[in-house]
Every structure is written in C-alpha cells, then in structure tokens.
Amino acid sequence: MNVRTFLVGVVGMSALVAAGASAQEMTERFIPIGQSPGLSGKHTVIGKIQAVNARDQTVAIVAPAGAWNAKVTDRTKIWLDRSSLRQPNLKGTFADLRPGATVEVKPEGRQAGASGGPAEWIKVQVSASP
Amino acid sequence: MYKRAAMIGVLVISLAGIGLSGCKMAPPPDRQSQLIAKGRDLFFNETFAGNGRTCGTCHPAENNFTIDAAFIATLPKDNPLFVAEFNPALKENFENPALMREFGLIQENLDGFDDLKNKFVMRGVPHVLALRTSVQSPAGPRTGWSGDGAPGDGSLRSFATGAVIQHFTKTLNRVPGVDFRLPTDEELDAMEAFQLSLGRQQDLVLPLRLKGTVPKRGQAIFLDNKLGKCNLCHVNAGATANFGGGSLGNANFNTGVEDLPDQPARLTGKAVPRDDGFRSPGDRTFNVPPLVEAADSGPFFHNNAIETIEGAVAFYDGDSFNNSPAGAALKKADPRGVGIELDGTQIVAIAGFLRVINTLENIRQSIELLEASRAAAASEEKRRNLDRAIRETQDSIRVLEGGGLHPDAVAHLQEARRQTEKAARSVFFSRKHTGEAIREQKAARAFLAE
C-alpha cells in the first residue's frame, strides 16, 4: 500500500476538507442571543450595531469588550431572534441589521487581537415595539 | 411457647445478621461521581419542558443506548418516541412513524428548517458508548453521524442543546421557553460527564490473543493493510484513522453508503432524500463509528441500511464502496489497483472477529456492573446495575450464537445470566449469586481470548 498516495486521496478529499469548526448551524438558529453553548461570552461578540455600511456589507458593533467590525459574506447566516416575543426565530437579511439593534456575531475563525472579520452567523434581537 | 418464640427471635436476628453482613458502607461519592449521577438523572428523566422525550427515549440503557425496530416494537403506543402519532402539532414533518417503526429511523433537519416537508434526512440512532475514544479529532470534536451534530462550539457538551431543539419540541415553531427549555450550563456539564462515562474509556490494543480459529483469521484480515484494510480507518477496531502518518482522530469519509442500491427505507416508496452528510450543503462525508460496540448495536451505517454485521462488512466488498471517493483512493494506493476485495469466508471471518471483540467488551462491562452492584449502597442502584448486566449478558449470548461462535463460552454466559437473575431476585444471597455470575463471565471470557 502506498500510504502517501492514500493519504493524498482519502484524506485530501474528505478529512481535511472537513477540518475546522464542525458545529451544527441549523439548530443554532433557535438558540437565543447569549445562550449558544460553548460560544456565547467566549467566542462571540454581543453588542449593539453602531453603523451599517451596505456598500462594503459591514456592520460596526460596540461591545463591552471593544468594537468589532463584522463583514457579511455569502456564507454568513443572519437570524432574527424573536424568543423574547415567544415567537419562532426567522431567517433574516442584511436589511435587518440596523443601528441600535442588539446582535450576537460568531466570527469565522476569530483570531486573537483582531478587531473584525467575516461573520459565520449573526443573530439580531427582535423586541416588542416601545 | 417461650421456646418457640425464642427460636424465632434467634432466627430473625441471624437472618438480619446475614443480611447486614452483605451490606458494606459505600464511600461517599466524589465530585465527578456526583456529576455523573446528576447527568444520568437528566439523561433519563429530564424532558426539558418539551414533548415528553428524554435523551434516554432514543438512547435507552437497556438497548445499548440506541434503538432499533425490534426494541421499538416492545414499546407501548404512548411512549414519547411515538409523539408524532399522538400529538397533533407534531403529526406532519416531525417524524416518519412508518420508517421509525420498520427501520428505527429518526427525522433530522440538518440542512435547515425552512422546508420541513422536503428538506430532511432519515438517520439511525448511534449508541453513545465509548464516546471518550471517538469524539475528539484534530479538526475539532465530531458528534453524530456526520460529525456536525452539535450547535454552539460543536462539542459533545453542546450536543444536548441541539437535540432538545430538534427532537424535544412541542410544536414545529421551536420557541425556547414555549416549546421546550434549553439545558443550563450545569446540566450540559453533567450530561457530558455521564455520556463520557459510558462504555470503554480507552481503545483496544490489537492483535488480541484470540482462541477461536475463524475470529483469529478475521482479526488477521482486519489488520492486513493489503487485504481487509479495515484498520486504516478503524485503528484497533475503534473510531480513529491512521494511514501511517499519525492519528487523524475521528475523521470523515465518503464511503458511498448513500449510493447503495435497494436501501430498505427507499424500498417503501416513501420520500427519503439523499443525506449529504457533513455541513450544509454537505460534502457527503460521514464520520467513523467505533467497531468494538458494533455487533450488538445494529442496524448499520447512518441510514440503518444494513441489518447484520456480516452485511456491514460485505458492504466494503461492493461497488458502492469501491466506486466511492474512499474506495477509489484505496484502489489508487494499491499496487494491484484493488480497493477492498473479500470472499464470503473472509467476510464472515471479519464479522466473527467483530462479534468476539463485542462479546469481550460486554463481558468486561458485565463484570464491572456486577461488581458495582455489590458495592452499591442503594437498592435501586444495585438493581439497575444487575438489570444492565443481564442485558449485556443476553447480548453476548445473542452475538456469539448469531455467528455460530464459541458454544462453550455461550454455556457459561447462560449460567452467568441465571446467576445474575437470581442475584436480582434474592434478598439474602444476592452477593453469593453475583460472585457466581462473575466467575461464569470470566470462564466464558477464557474461551474467547488468552
């Protein structure tokens, strides 16, 4: 057996492609802001949207730990967290990201010291109108 | 009359003495044991304010922490597993009761909840044994059939949160606080500790010194990287891969299971969409399950496509595997250009080997449970351990008999089961029968391996 060939074949096609985060994103949608197990408070940014740049598809967020600039990509999933209204969470769009809204952002492979980057998902809190 | 009363008194005191001599004061549980006990209670009893299901609904201890059609057939019709049959809010697009009852399949929405009628997969329930040996991977934790079963950080600890959302909900709205409650951090810690405590805590070291002629040959084929090639992806019959460059941990592969012709669930004519595996959209890969626990926890593969362990081994000799990316890579790496090519006797030999290592693990667990029953302070704990030991022993008998293997060991296992049943019934001689059962388990083991 040519182990090297096998490594390139099988591992290259499957195992390495599968490297990286392996979280199940679909049930993540139903988890309220701040409650994602193992992520919230450790690997996510929770704060308020300060500014939205539609042209660059970026969102500036002010969080207790500092500012964060989230880039919305084709891969970014946006969800509307309506759990405080006791209603089902919904899929959202970039248009749902408005200044003043409370959001939780999961950066894609966040690096220490970075102040922004592509977002894997963004949850937007939807509250009752005042 | 006084003499008779005195004799009765002496008898009562003597019997009480015998009884008490059987009671040993168990040491107080340490913190980890307390956490595991709490996790066990949550796993089997906590519904998280949902539709009535618990983790144990699909992972019952009495059936190797998994479900299959035979086990499902024993459940009463109001069991929460069948919630789609009696809760109108879950009647459509939550489960497929016919496929659940005939093939033990569960509905999952791994590619999203936007089109429940058309976007779903039907999967078997993996057991949760030996997770300590199978979850970790250099690429991150791998949970569920495709390795991406948990939300949050993707860890085993987070898995329960996703399971509650998918399987415990009262309605398809899936609103936390309305349709269920999410587990707390403390509950996730406890359930993780409990699950990690189940089954093997470490991998085998092959080869074992097996005694049976056919299982011994099966082990040799299993370990032969030019013939069986099994050990490349199932190192030591576990769930980790190693192609010579170090452990890859629990890796994902596309082995072509979805390409199998005549898949049982699809033969019914019901809509069963292709399962695209890891991630969304998926890359068609699935992760590697451990094999030590396989023989008594079928059906096999993520879609319960194959019922028997012999059939599961034979899959790797077929076109679906050999034309898959994993099979093609094996062919390419083989000097003869062969993927996996086995004959009938070789398939049965490998399955025989898997049956024997499964039985050895069941014997190990049975002895552990029997010893734990002797040390248990509470009668409920003692009873629970004895009941599980009986189930494990029944599995051992079934697994060996199913392959026509080791009738000599089977005879000892049958006696071990009888003694364990007596221990469970007896008030005063439970320890004696438990000791006998342990001796019979060891006698059976001696026939299987040195």
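Predicted model: local features only at pLDDT ≥ 70, side-chain atom pairs only at ≥ 80, totals over all residues.
Chain B is divided into domain 1 (31-196), domain 2 (213-345) and domain 3 (354-448). Between domain 1 and domain 2 of chain B, the C-alpha centres are 25 Å apart. The contact of these two domains involves 32 residues of domain 1 of chain B and 34 residues of domain 2 of chain B. On the domain 1 side, α6 (97-103), β2 (121-123) and α7 (131-134) of chain B are the elements that give two or more residues.

Chain B also touches chain A, with 54 residues from chain B and 38 residues from chain A in the contact. The elements of chain B that give two or more residues to this side are α8 (156-167), β5 (252-253) and α15 (325-333).

| Side | Nonpolar | Polar | Charged |
|---|---|---|---|
| Domain 1 of chain B, touching domain 2 of chain B | 14 nonpolar residues | 13 polar residues | five charged residues |
| Chain B, touching chain A | 22 nonpolar residues | 21 polar residues | eleven charged residues |

In chain A, strand β1 (residues 45-53) pairs with strand β2 (residues 58-63) in the antiparallel sense over five bridges. N53(A) has T58(A) in β2(A) as its bridge partner. The hairpin of β1(A) and β2(A) has four residues between the strands, and Q57(A) takes a positive phi near 55 degrees there.

Strand β2(A) also pairs with strand β3 (residues 66-71) of chain A, in the antiparallel sense over six bridges. Here V59(A) has A70(A) in β3(A) as its bridge partner. The hairpin formed by β2(A) and β3(A) has two residues between the strands.

Technical notes
Residues numbered from 1 in each chain as written. Chains lettered and ligands numbered in written order. Domains from an automatic or database assignment. Contact = placed C-beta atoms within 7 Å. Nonpolar A, V, L, I, M, F, W, Y, C, P; charged D, E, K, R; others polar. Pairing = 2+ DSSP bridges.
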